[in-house]
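Got a model open and want to talk through its helices and loops? Have a look at it here.

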Amino acid sequence: MAPLRLAFLTATMMTGPKNAVETRLSKNVLADNDNMMQSAAAVTIKPMDSSSGKETDAFKEATPSLAAPSNKGGGSGPIHFCFIVHGHQGKPTDLSYLHRAIKDKANQHGGFATTKSSEMCIVGRNSSSRNDDMAASRNDDNRANQEKDINQASAEGIINGESKGSTVVVHNAACNEGITHDGVEKGGARLANEMLEVIRGEIEQRTQNHEQDVTISIVGNSLGGLYARFAVAKIDELLFVSDEDGTKDVPHYILDDNIRLHFNVICSTVSPHLGCADRTYIPIPRFAEIGIAKGLGETGRDLFRVNDLIKTMATSPRFTRPLALFRKRIAYANAYGTDFVVPGSTAAFLDGNSDSLHYFDADFGSGRDEETQSMPQTADRVCPASEKGLFVATCYTPRMSLGNSVESSGNELEVMSKTLDSLGWTKVFVDMREAIPISTKLPRISNPSLNACPIRKLSSNRKAVTSKDLCSAISSGRSSRISLPFGHNAICAFERGSFRTAFNKGGRPVADSLAINLVEDISMWTQND
């Protein structure tokens with residue numbers, strides 16, 4: 001009975017019961033994959049080289065309508081889209097706090113002309129216009145006082161001068177609500193369609209007598225992180241234009257002839273990048289994993305690697321090449337056994353056999369790729385999660401050439417881990433034990449070495465550590481407090497009903513810090529990227 005109980009816990013701990021979906025998006029967004037092919041694309045689409053990997057049926061079928069937009073409204077400067085993607089059995093409103101946090105931090109940043117929710121966004125739909133008007137009014141009132149500071153910060157490289165006059169549009173994806181059991185492939189294809197639909201809807205409100213620069217940033221929570229990575233590959237397939245040698249000729253994509261799409265920042269929070277097989281909270285035999293996988297539908301078969309999709313997404317150029325085009329890749333992971341659903345080893349794609357180097361914040365300069373992974377100078381901003389002691393460490397993996405082969409002992413998880421690491425990531429390790437309401441204090445052990453945080457202990461002794469070092473460290477944390485492994489929803493300040501909203505309130509400092517850093521990263525985009 002133990003495997004059955006674990007299957008029930010795994011299926012129910014994700015986000016809650018399955019509910020019927022009622023969205024306000026256009027019919028194109030919610031259509032089945034077969035219906036997505038009805039409108040012809042208005043862009044030149046060239047198929048990717050066969051070496052990029054074999055296409056699957058859903059990947060071919062989910063082709064969105066890309067008809068040319070009408071010219072309405074006005075606006076100038078780049079438009080920065082931030083898409084927030086919920087997880088298994090989730091809803092767009094589950095991540096309402098993160099949505100509000102990103103908008104608030106963008107308004108406070110001072111480097112953007114406008115911050116708003118998308119017109120199609122369900123989150124904040126009734127109040128977004130009023131709040132946006134109030135925020136715009138505050139910005140106008142403060143513009144004269146801020147202009148001198150912004151210009152000075154821009155000159156010093158603290159605020160990117162090109163971000164002034166730009167717009168931030170935040171959208172919580174709704175296309176997968178109620179249908180997260182049919183696999184990462186179909187969910188990712190639906191997400192790609194929704195993202196392009198939202199972008200076109202916002203551009204339609206602006207006068208388009210010239211090319212419009214648009215950046216795409218994504219925050220994917222749990223399963224949403226896998227949806228996001230698949231959607232990125234789908235968009236790349238739709239809009240990819242290559243030189244004769246098969247490489248991408250420009251660092252952006254062309255949509256509807258006059259929209260230039262740029263990949264900006266992609267961030268995952270507790271996403272199972274290595275899947276769940278051999279990465280469960282409690283080790284279980286393979287037959288039990290297969291049983292759980294069948295109970296979770298096609299998504300379970302993906303996550304427990306009954307098929308090869310998760311491996312392909314981690315190792316095939318079809319997925320890694322477009323992922324490498326993002327200016328920055330970030331992964332948040334829960335440490336010290338606080339995540340029952342997605343343990344830190346899979347959220348941060350760590351492996352016990354991998355020697356991939358991870359540099360701590362202060363020492364990353366010796367290992368980063370100067371062109372693509374340089375750390376921009378940022379204004380002094382408060383980090384709420386650090387103030388609460390929730391951030392354990394931030395590590396960076398140096399970016400390697402995609403042409404370099406990954407050396408391994410032949411272990412499948414090791415290859416997946418190393419290949420993802422080679423793209424260059426920022427990994428943020430979070431300790432939610434103090435923020436989870438159900439916890440118990442233990443008598444403090446007098447031996448300071450036993451009370452020391454394992455990851456901080458590593459960072460104090462070494463400039464860089466390996467993936468296997470971190471994998472061991474995040475699994476061996478000791479604390480004066482023991483808590484239940486409920487950090488999965490807490491880390492993103494999950495909201496659904498009064499009880500769960502209050503229960504996960506302790507994760508709000510993490511969401512606030514994520515929003516601050518994300519807005520800062522988005523603002524650093526330039527047309528040269």
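Q: Is alanine 493 buried or exposed?
A: First, the ground rules: this is a predicted model, where local features need pLDDT of at least 70, side-chain atom pairs count only at pLDDT 80 or more, and totals for chains, interfaces and linings use all residues. Residues are numbered from 1 along each chain as its sequence is written, and side-chain values use heavy atoms, with hydrogens and water left out. Buried means under 20% relative accessible area, exposed over 50%, and partly exposed in between, with a 1.4 Å probe and protein chains only. Alanine 493 has 2% relative accessibility, so it counts as buried.

Q: Where is alanine 493 found, and what is its phi?
A: Look in the loop between α18 (487-490) and α19 (497-503); helices here are DSSP runs (H or I, at least four residues), as are strands (E, at least two), numbered from the N terminus. Alanine 493 isn't a glycine, yet its phi is positive, at about 55°.

Q: What relative accessible area does aspartate 256 have?
A: Aspartate 256 is in the loop between β5 (253-255) and β6 (259-269). Its phi is positive too, near 55°, in a residue other than glycine. Aspartate 256 is buried, and its relative accessible area is 3%.

Q: How are α4 and α20 oriented to each other?
A: Two packed helices are described by the angle between their axes and the distance between the axes. Axes are lines fitted to C-alpha atoms, for helices over the stretch in contact, and angles run from 0 to 180 degrees between N-to-C directions. Helix α4 (residues 96-109) and helix α20 (residues 508-523) sit with axes 8 Å apart at about 50°. Angles under 35 degrees count as roughly parallel, over 145 as roughly antiparallel, 65 to 115 as roughly perpendicular and the rest as oblique, so α4 and α20 are oblique.

Q: How many disulfides does a search of the whole structure find?
A: A disulfide is a pair of cysteine sulfur atoms within 2.5 Å. As for the cysteines, cysteine 276 is buried at 7% relative accessibility, and cysteine 471 is buried with a relative accessible area of 14%. The number of disulfides found in the whole structure is zero.
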